Structures are given as structure tokens and as C-alpha cells.
Amino acid sequence: MQGKLTTGELARRVGVNVETIRYYERAGLMPPAQRTTSGRRAYDVGDLNTLAFIRKARDLGFHLEDVRALLALRGPDNECTDVKAIAQRHLEQVRVEMRRVIEVERILSEAVAHCPGGPTKGCTVLKVLESSQQE
């Protein structure tokens, strides 16, 4: 197993759980691991780079389908415009989510600021949660 990494070593180097590696293999994002004569998984530097790529993409919030597409586009004969289109679509989704989170923060901030404390009869947080209308 000269120059090969165990599943645990690969997980440690990239900062993921061992089960995460197995999940990505089942999902087809990671290629099937090579096996030692004893049947243990063995990874090389290419696998390390692929897993690091997947982790970074997932940390940035890309969905598995987009990660799969981005992995396929890594070769030098592909078009950066295809990568850009995936990233642009994801960026738009991130911006929509940011607007939603900002609105949630505004509503909760107002409710908490106006919460009088004491009996729950006048609790503004509960009133917001019980409200059937969007604010």
C-alpha cells in the first residue's frame, strides 16, 4: 500500500467523516476505491484532490447534482462557460436564500425587541409564530 491512503487518513486530511467518503462513493462522486489484497480501501493523491474539491463545493452549498457536473467539467477540454453557468445559477439561489434569512432576522429581531417578558399572554414572539399572515 505504498503511497496509498487509508479511508481514515483520507478523511482526516480532508476534514470529513469516513462515512462521508463512503456516501460520495455510493453517490458516484468519488470513484470506487482501489482495494488492497486484504480488501481494504486504498486512495491516491487524485482521490484526495477529488474529495477536497467535493468538500469545498459542498461547503459552498452546491447540490450533489451540481458537484457531479462540476467534477465532470474539470478536464482541460471543457468550457469554463459551462462551469460559470452552474455557479451563476447557484449564486442566484444563494442570493434568494440571503434575502429570506434577512427577512427572518428582521421579523425575529422585532419580536424579541418588543417582547415584554413576564406572562406569555403578551409575548410578541408567540404572536408572530401564531400569526396566519406573512409579515
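A search of the whole structure finds 10 salt bridges, a salt bridge being a side-chain nitrogen of Lys or Arg within 4 Å of a carboxyl oxygen of Asp or Glu. Before we visit some of them, please keep in mind that this is a predicted model, where local features need pLDDT of at least 70, side-chain atom pairs count only at pLDDT 80 or more, and totals for chains, interfaces and linings use all residues. Residues are numbered from 1 along each chain as its sequence is written, and side-chain values use heavy atoms, with hydrogens and water left out.

Let's start with glutamate 25 and arginine 41, whose side chains meet in a salt bridge at 3.0 Å, N to O. This pair links distant parts of the chain, since glutamate 25 sits in helix H2 and arginine 41 in strand S2, 16 residues apart. When I say helix or strand, I mean DSSP runs numbered from the N terminus: H or I with at least four residues for helices, E with at least two for strands. Is glutamate 25 buried or exposed? Glutamate 25 is buried, with a relative accessible area of 15%, while arginine 41 is partly exposed at 21%. For those words, buried means under 20% relative accessible area, exposed means over 50%, and partly exposed is in between, using a 1.4 Å probe and protein chains only.

Now please look along helix H5, which covers residues 80–114. Arginine 106 forms a salt bridge with glutamate 103 at 2.6 Å, N to O, and another with glutamate 110 at 3.0 Å, N to O. Arginine 106 and glutamate 103 are partly exposed, each with a relative accessible area of 30%, and glutamate 110 is partly exposed at 37%. Elsewhere, salt bridges that share partners join Glu9, Arg12 and Arg13 into one network.

Staying with H5 for a moment, methionine 98 lies in this helix and is partly exposed at 48%.

Next, helix H1, residues 7–14, where Thr7, Leu10, Ala11 and Val14 are buried. Seen down the axis of H1, these buried residues fall within an arc of 100°, so they line one face of the helix; the arc is that of the directions from the helix axis to the C-beta atoms. What do the buried residues of H1 pack against? They pack against helix H2 (18–26), strand S2 (41–42) and helix H3 (45–59), with contact meaning heavy atoms within 4.5 Å. Glycine 15 follows H1, and its phi is positive, near 85°.

Last stop: the aromatic rings. The count comes to 1 aromatic pair, under a rule that pairs rings of Phe, Tyr and Trp (its six-membered ring) if their centres lie within 6.5 Å, with planes under 30 degrees apart counted as stacked, over 60 as edge-to-face and the rest as tilted. The rings of tyrosine 23 and tyrosine 24 have their centres 5.7 Å apart and their planes at 50°, so this pair is tilted. Tyrosine 23 is partly exposed at 38%, whereas tyrosine 24 is buried at 8%.
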